[in-house]
Amino acid sequence: MNRIRNLQGSTLVLTLLALLWVVVVFVLLVLKPSVFSLATVTTILQFSTILALVSLGQAIVVMAGGAGIDLSVGGIVSLSAIFGMLALKAGLPSFLLPATCVFAGAVLGAFNGILVTRLSILPLIATLGTFFIYSGLALALTGGAAQSGVPGWLLIWGRSVFSSIPAPFLTIAIPVFAIAGIVLMWTAWGRWIYAIGFNERSAHLVGIPVDRARLILYGLSGALSGAAALISLAWLGSGRPNIGQNLELESLTAAMLGGIAISGGRGGVGGVFAAVILLVTLKTGLLQLNVNTVWQLGIVGALLVFVLLADRLSQRWR
Amino acid sequence: MRQFRDGVFSMTGREWSLLAACVLAIIVFSVASPYYATSGNAGTVLRNSIELLLIGLGMMLLLAMGGIDVSVGVVMGLAAIGVGRALGAGVDPVLTAFVGPLTGALLGLVAATVIVLGRVPAIVGTLGLLGVYRTAIFVLLGGQWLSGLPTGLTVLLGTTILGLPIAAYVIALAYLAVWVALRRTPFGLHLLAIGNSEEKARLSGIPVVKVRFATFIISGALTGLAATFYVANYRNVEMTVGSTLALDAIAAVVLGGTSILGGKCSLVGTVLGVLLLRILQNGLLLVGVPSLWQPVVTGGLLIGVLSFEVLSNRLSLLQFRWAGK
């Protein structure tokens, strides 16, 4: 116990997450030994790719403080997937589809950023409003119907597997997290984000453009959600207007589990990544055990509340 | 300091312009749709406003205190299941009417425990509870609708005394109770002080924890009361119950002039905000806009009003400066 208590910051988070993951895997193995096959690993990583990108966006927005939160991530995923497919139907050349999805996401995210930084609307209210606008638009524009017609070459990329690791995970999730980690750890930009989140006023006083940085982060979060939308298209083969459902809750849970402080200025992307894997393993495991999917939402919600309470309690003990 | 001398129905510029917006919307929709200006439709709008009004009053208190609750929709769903089950089991309608507020208050206590004692931001805490409660509704209903409930509660709330249904008295009583609590008791002052600055409120000796607990419980009880009306009105509980109620309530309260930063609120504004929202939603439906567009319209209204406020504030500040020179 003493060794665990002596661990600091991200090491502590990673150790705890790894322990939890081992517990989850162990329980699953005992309950249903046939669960673990390479196919399950592929499924877990495929689901993780979407959640990981969205959670990363959520994490950087929360990290930059100022009560930052992005409740609209799920809406952005749905709307950029639908927007891409509708643009394709309207005659967009198919090689532009990836760029269109990411760009649409970035624009939607930047709109959040403008509301928060230029109009100084509270992030939670601004993104709650845009959450309903974006996800409502995705449903209203399609009448709730899935949009088919994803180009074949995209499906090949989205569904191919290299030694049981899905291609999108290898080519998008890992590079994006690596870049995010490097930027946060070793560049001035990364230091700025922590500084803004830790103490906005002093960050402002040393000349960091707080508002512009936050605007960019909201745009970036949107772009990551757009990339997640693209992956959902390439994997599922159709644009579903409700694909982003509950992603705001799951991404927040992953970010909090991963050690991002809700008040900003603390946390790292490694923890978020580990938390995503843990969450998706838990969800996939429950699915394999034939637990009804409605339980997933409740378990994720309970985890979120539990993590926040545990965080407060552990701070009190120190 | 005007806010401390507020009458039961005092109106300011904000409320008058909301009233004007309501009248304008009614005129426009009456011209656009022949089905709009009927007494039957007016009744529908008013009936549909009841739950939102009660929940809106609770949300107004929370926002004025600097809190928020995005789980009100599912809290109402859970309370409605409680009321429905009690009604279905043949409990006396007068007693079942109290099941709603009691369940709501209990769930408010749960939220307050997590948020106040756990010192968790209200938005994140209630978002987590939203997930848990949504699952609880699915599990309690077991994949089916609760439907075909007895009419006891409907009859009870529809019984007229002196020409008005009991429902109207209950709503008026709830409104008055909130008004008294907010404008005529130390509790109201404390609540607004916490909304202005929690730290200053604590330093000036206000029992912050107690007041925040009480506010969450009151909001929960009002939401539970809304569930009683919901069951009396529709006599069924579906699985997706209340999925946009939280947004509707926040939008209506913000429309009504309550500050999302806390410390300022308007009771009449909340009533008018609820009415305007329901008039718009009902009117757009009758004009032929599919109901899928409703969340887009509500969300747009919320963002639009907030942006307009900020921009007009800046404009008047600019004019003030020019006039000064």
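A residue is called buried here if 20 or more other C-beta atoms lie within 10 Å of its own, exposed if 12 or fewer do, and partly exposed in between, with C-beta atoms placed from the backbone. By that rule, buried residues make up 48% of the 325 residues in chain B. Please keep in mind that this is a predicted model, in which local features need pLDDT of at least 70 and side-chain atom pairs count only at pLDDT 80 or more, while totals for chains, interfaces and linings use all residues. Residues are numbered from 1 along each chain as its sequence is written, and chains are lettered from A and ligands numbered from 1 in the order in which they are written.

Let us stay with chain B for a moment. Chain B has 13 helices and two strands; helices (H or I, at least four residues) and strands (E, at least two) are DSSP runs, numbered from the N terminus. Along the principal axes, the C-alpha atoms of chain B fill a box of roughly 70 × 55 × 40 Å. The radius of gyration is taken over C-alpha atoms, and the globule rule is 2.2 Å times the number of residues to the power 0.38. For 325 residues a compact globule would come out near 20 Å, and chain B has 20 Å, which agrees. Two residues are in contact if their C-beta atoms, placed from the backbone, lie within 7 Å. Of the contacts in chain B with a separation of 6 or more, 79% are between residues 24 or more positions apart.

Where pLDDT is low, the predicted coordinates should not be read in detail.

The expected span of a helix is 1.5 Å times one less than its number of residues. Because 14 of its 17 residues are buried, α4(A) is largely enclosed by the rest of the structure. Gly91(A), with a positive phi near 110 degrees, follows α4(A). The 20 residues of α6(A) should span 28 Å, in agreement with the 28 Å between its end C-alpha atoms. Here 18 of the 20 residues are buried, so α6(A) is also largely enclosed by the rest of the structure. Just after α6(A) comes Gly143(A), whose phi is positive at about 65 degrees.

Where do the chains meet? The contact takes 35 residues from chain A and 36 residues from chain B. On the side of chain A that touches chain B, the elements giving two or more residues are α6, α12 (247–257) and α14 (294–317).

Finally, a look at some loops. Most residues other than glycine have a negative phi. Ser120(A), in the loop between α5 (97–118) and α6 (123–142) of chain A, has a positive phi near 40 degrees. Ser164(A), between β2 (161–162) and β3 (165–166) of chain A, has a positive phi of about 60 degrees.
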